[in-house]
Each structure stands twice: as C-alpha cells, then as structure tokens.
Amino acid sequence: MPAFRQVDVFSSEPLLGNPVAVVHDADALTDEQMAAFARWTNLSETTFLLSPSAPGADYRVRIWTPGGELPFAGHPTLGSAHAWLEAGGAPASTDVVVQECPAGLVDVRREERLTFAAPPLVRSGPVAEPDLAHALRVLGLAPDDLVEAAWIDNGPGWMGLLVTDAETVLACRPDYRAFDDLKVGIVGPWREGAGPDGCAVEVRAFCPGYGPEEDPVTGSLNAGIGQWLGGRVLPSSYVAAQGTVLQRRGRVHVTRVDDVVWVGGDTRTTVVGTVGLGD
C-alpha cells in the first residue's frame, strides 16, 4: 500500500493551518482511484506524488479537490514538497526543489520555511461588470466596500476583490447557494499595528463548487494577490492572515522580488501511515 502523510500548511502552531493529504509512490494509481480518495478525505486538496516526466523536475504531483483535478494549488505545493523531502526525496539542487504539475515546473525554495515561486497568471485583467455584480451579490458586499477587482487566475480560477479593510473581510457572510462556478478571494488591509502577529492583510477564499465552501488558507490565491497588488497597493513583502473565521491561524508570507512573487509558509506532518485504495 502507498505511504501517506497529512501535512498542516501555513501555520507554525499545530492544527491551525490547512491540511493536505499526500499519497506517495502513486504512479500505479488510476484517475478514478485518485478522485475517489480525494472525495473520501474531503480536504481542500489531496495530492499524489509520481515520478517526474519533465527534464529538471524532482518529482511530479497531481492535485485533486473533492470536485476534480487542479493544474496548480499553493498549499498542496508546499505540503507535497515537505512530504517528499521528509520521505527521503533528494533534490538535484540543495536549495531548491523543482515540482512538476500541469501548470508547469514550480520552484520551491528551502529557506527558513518552504517558499514557492508563483506561476504565471493564466487569466488577468479587469472583471466584467456582470461578473463583478454577481460576486458582490453572493458575498453580501456593497459597491462601496470594493476598492479594486481583477482576475488573478494561476490555475484554480480566482477572481480577486480588494475591499476597504480587514473588518469587511471578516464580516462577509456569503450566500453559497448562489455561487455557481465562481471562485473568489477577498483581501482587506489591517490598520497599521492592528493586524494579528503584525499581519498586513486579512484574506478569505470561497470555492463552494470544488470542495469546502471556504478554504482555510490558500497559497494560490495569496500568490495571485501578491502578483496583483504586491509592491503597488501592498508592500513588496508582507504577511497575510487567513482562516480566522474558521478558527484557524494561517500565516502566508508573500515577497515580491522584481517580477517574481514568492509565497511561503510553515509546514508540519500530523499523520503518517499507509493507504488502501481498494487493491
């Protein structure tokens, strides 16, 4: 049976981040087995580690939600790299792990904490008025709450909304029945000195058609926010809080260096074992 790890991502404290299920040595598994196991775990994402097929990659990963497969996701990238290294994976470079996924090759730096380079956006630019009106309506936001909106899709499909402040983010009460296929993230700044642990912004991510209605802590969304607002509206380096409403304590470290956004977070293994997938 394949080895298994469940890794908590984006929190330095136990059980307060976002867990990802990681199945090792998954080359022999079928799509049907992967999809069924992802539905069974019922986590935001479940990943499967495979032998690399692209030159330069250390390993290949497939990322599944209970609703289907994603080309890229952030907390599964950090959790998968953590699990692969902990299981004895030896990268070609001592400082960088290179992950292969449908979105391409993703560098994961080994520093104080694991940090991935945000992949290029596959969709960016302004949001059409009907789409924006729909997003505001399902989130229960007034037009005056909104500062700026943009597509910040690096694979999962995110629409980003910058609102006036962190309190507006925390007060949001979405109507999940009306979301349709919408995946939307909202971000609002904390007043200087008011954010928990010195965090600059509060973030929330809503994707009810693909897994949990609200994702606890989201690397892909924070990567898109950093590409959209980092060094312009937000500092070039900052920490985002996420998961507060869900009683999590996610901390996402975002740094923009030239045109590259790096997204990092603490990772720790919470479960180790093997999985039986109906063999």
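Modeller: Let's start with a definition: buried means under 20% relative accessible area, exposed means over 50%, and partly exposed is in between, using a 1.4 Å probe and protein chains only. Helices (H or I, at least four residues) and strands (E, at least two) are DSSP runs, numbered from the N terminus. This is a predicted model, where local features need pLDDT of at least 70, side-chain atom pairs count only at pLDDT 80 or more, and totals for chains, interfaces and linings use all residues. Residues are numbered from 1 along each chain as its sequence is written, and side-chain values use heavy atoms, with hydrogens and water left out.

Colleague: OK, so how many residues of helix H5 are buried?

Modeller: For H5, residues 219-229, it's 11 of 11. Among them are Leu221, Asn222, Gln227 and Trp228. Gly231 follows H5 and has a positive phi, near 80°.

Colleague: And which residues are buried in helix H3?

Modeller: In H3 (129-139) they are Leu132, His134, Ala135, Leu136, Val138 and Leu139. Their cover includes strands E10 (146-153), E11 (159-163), E12 (184-189) and E13 (201-206), where contact means heavy atoms within 4.5 Å. After H3 comes Gly140, with a positive phi near 70°.

Colleague: Where do I find a positive phi in a residue other than glycine?

Modeller: The general idea is that most residues other than glycine have a negative phi. Here, Asp25 has a phi near 50°. Asp25 sits in the loop between strand E2 (18-23) and helix H1 (31-41), and is exposed at 65% relative accessible area. Asp180 has a positive phi too, near 60°. Its place is the loop between helix H4 (166-171) and E12, and Asp180 is exposed, at 61%.

Colleague: What about Asp153: which side chain of opposite charge is nearest?

Modeller: First the rules: Lys and Arg count as positive, Asp and Glu as negative, and His and the chain ends are not counted. A salt bridge needs a side-chain nitrogen of Lys or Arg within 4 Å of a carboxyl oxygen of Asp or Glu. Asp153, found in strand E10, is buried yet has no salt bridge, and the nearest opposite charge is Arg123 at 6.0 Å. The side chain of Asp153 does reach the backbone nitrogen of Gly157, at 2.7 Å.

Colleague: How many disulfides are there?

Modeller: In general, a disulfide is a covalent bond between the sulfur atoms of two cysteines. The cut-off used is a pair of cysteine sulfur atoms within 2.5 Å, and the count is zero. For Cys101, the nearest cysteine sulfur is that of Cys207, 18 Å away. Cys101 is buried, at 6% relative accessible area.

Colleague: Last one: how many aromatic pairs does the search find?

Modeller: A pair of aromatic rings is described by the distance of the centres and the angle of the planes. Rings of Phe, Tyr and Trp (its six-membered ring) pair if their centres lie within 6.5 Å; planes under 30 degrees apart are stacked, over 60 edge-to-face, and the rest tilted. The whole structure has eight such pairs. Phe4 and Phe37 have centres 6.1 Å apart and planes at 90°, so that pair is edge-to-face. Phe4 is in strand E1 (3-9) and Phe37 in helix H1, so the pair ties together parts 33 residues apart in sequence. Both Phe4 and Phe37 are buried.

Terms used. Polar contact = N/O pair within 3.5 Å; in protein donor to acceptor, adjacent residues only side chain to side chain.
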